[in-house]
Amino acid sequence: MLMRSKWGIIGVLGLFALVAIGCSSDDDDTTNPTGPTSDSPVGNYVGVVQSTGYTTMANVSPTAVGLVGESFPVTISGSLVLTMFDDYPFRTTQTTQLTEESDGVYVGSYQVGDPSGWVQFSFSISWDSTAGEWQAVVTTGYDTNNDGAPEQSGSMVVALKPRLNWSAYAGNWRAAVIYIDGETAFPSLEIQDAVLSAGGTVQGAWFYNDGGTVRALAYSNADEEAISFRMVSLGSTYLHLTARGLMLPTIGTIGPNPENWNAGSDSSDVHAVPMARLAAFADDDVLLSITGQVEEDTDGLDVEDEYPYFSADLVGQDVIADIASDGTMEITMGATPLTTYYGYMEMAGSGYLAGMRADTGDTWFNTNFFVLELDASNQTTGNGFMQGYDIPDLDDDSEIDDAEILVIDNEGVLTFGSGFNPDLFEFIQTL
């Protein structure tokens, strides 16, 4: 589905759940454990499935057991109750009681499923002195007749990474997202709200430090893709991360490493600021002068119309932009103001405000993207672009899909002031 960034769809169905039947722990020790140390596994972690030690089971998809690189929350309480996926979107919390088998080795097990088949998980958790962290060696089994003896077996290693301390960044953020659809390669702009937690999550995806690169990977069963995130930069006033949606192959063997899936992939370039920072961009009645206009009759049905998208020559006219601290921008071109949500982007050392607006009719969409340049004081310079598309609603469902984006009727671009380098923004297509 176009016009919908996969970076924000974290319906995560990954490790340790086939038909997830779980329970929540009532143990008070799970609320605030201390540690961990090399002598005690008690603490809060991000579990990460490793590529080494992974063997699959023939009749159980890796997407139901866990994918290489998948990251998720793990807690071991003071009473050695292991809890996974607690407060994790679209997943059922799983718990198991660990026992100390020998000095520094803790074991536990559980199974999930239904009468048609049960997946068994057995853990051996110990300190990895080489990596300087705790790890779980997991043996998996598939019991098809519920006799307790698995007919198939597999394995994986899960590193228990320290959780990140994002207390300085926790809260609500506004994101401007450049989204590239994996099937059509069509770029679009989306404005979304995002939540960062003190424990190191963005929209519920759990990040960890991978040798200096902060990353996360989540599997979405609903969208049949793994979403791979990489944090480019993170500060108290600005965040930049990239995301790729690695789509599940429709044919052939499904491997446990999504990086090896030979299917199209979506990608997103995400720029975000705390909601409180939007007040820094607020400015009433910004005057934008239209200095350039480009239009294209994309479907070839308006060949005699000199202005197929804008319907008139707008060069020389002024546009008024009212930028509000609540994250909305009102653009007045003629008698009808256009209201859009906006976000903030940094490109090539400069700051920009970006907004997107979609107007729908009975059988069509009118989609506009606005990008305005900012100066060092976070105020508009008067330079910018507006990209617009007329898109038919072929199936009258009020949603833009891939088939409709491939048959755009008309498109156009307005230049405000002296503009800027349009190559910085992939969704500005026609100049």
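Which residue lies over the face of Y344, and at what distance from the ring centre? I looked this up first. R277 is the residue, and the distance is 4.7 Å. I note at the start that this is a predicted model.

**Entry: overall picture**

I took the whole chain next. The secondary structure comes to two helices and 26 strands. The C-alpha trace spans about 80 × 45 × 35 Å along its principal axes. I checked burial over the 431 residues, and 51% count as buried. Then I looked at contacts between residues at least 6 apart in sequence. Of these, 59% join residues at least 24 apart.

I kept a general point in mind here: strands of a sheet pair through backbone hydrogen bonds, parallel or antiparallel.

I then went through the strand 5 end of the order. Strand 5 covers residues 99-102, and strand 6 covers residues 105-114. They pair in the antiparallel sense over three bridges. T99 has V107 in strand 6 as its bridge partner. The two strands form a hairpin with two residues between them. I checked the turn: G104 has a positive phi of about 80 degrees.

Strand 6 also pairs with strand 7, residues 117-128. How many bridges join strand 6 and strand 7? I find ten, in the antiparallel sense. Q111 stands opposite Q120 in strand 7. Strand 6 and strand 7 form a hairpin too, with two residues between them.

I picked one pair to inspect. Strand 20 (residues 318-323) and strand 21 (residues 328-333) pair in the antiparallel sense over four bridges. I323 has M329 in strand 21 as its bridge partner.

**Entry: aromatic rings**

I counted ring pairs next. The structure holds 19 aromatic pairs. One of them is F72 with F85, a tilted pair at 5.3 Å centre to centre, with 40 degrees between the planes. Where do the two residues sit? F72 is in strand 2 (residues 71-76), while F85 is in the loop between strand 3 (81-84) and strand 4 (94-97). They are 13 residues apart, and the pair links distant parts of the chain.

F72 has 1% relative accessibility and so counts as buried, the cut-off being under 20%. F85 counts as buried as well, because its relative accessibility is 0%.

F425 and F427 gave me another tilted pair. Their centres are 5.9 Å apart, and 55 degrees lie between the planes. F425 and F427 are both buried. I also found both in a cluster linked by ring pairs, with F186, Y352, F369, F385, Y389 and F420.

I moved to S220, which lies in strand 15 (residues 213-220). Is S220 buried or exposed? It is buried, because its relative accessible area is 1%. I looked for a partner of the S220 side chain. A polar contact of 3.1 Å joins it to the side chain of D223.

I checked two loop residues for backbone phi. L80 is found in the loop between strand 2 and strand 3. Its phi is near 65 degrees, a positive value in a residue other than glycine. L80 counts as buried, because its relative accessibility is 17%.

A348 is found in the loop between strand 22 (336-347) and strand 23 (350-360). Here phi is near 50 degrees, again positive in a residue other than glycine. Is A348 buried or exposed? At 72% relative accessibility, A348 counts as exposed, because the cut-off for that is over 50%.

Notes: Residues are numbered from 1 along each chain as its sequence is written. This is a predicted model: local features need pLDDT of at least 70, side-chain atom pairs count only at pLDDT 80 or more; totals for chains, interfaces and linings use all residues. Side-chain values use heavy atoms; hydrogens and water are left out. Two strands pair if DSSP finds at least two bridges between them. Rings of Phe, Tyr and Trp (its six-membered ring) pair if their centres lie within 6.5 Å; planes under 30 degrees apart count as stacked, over 60 as edge-to-face and the rest as tilted. Buried means under 20% relative accessible area, exposed over 50%, partly exposed in between (1.4 Å probe, protein chains only). A charge sits over a ring if NZ of Lys or CZ of Arg is within 6 Å of the ring centre and within 35 degrees of the ring normal. A polar contact is a pair of N or O atoms within 3.5 Å; within protein, one must be able to donate a hydrogen and the other to accept it, and residues adjacent in sequence count only if both atoms are side-chain atoms. Contact means heavy atoms within 4.5 Å.
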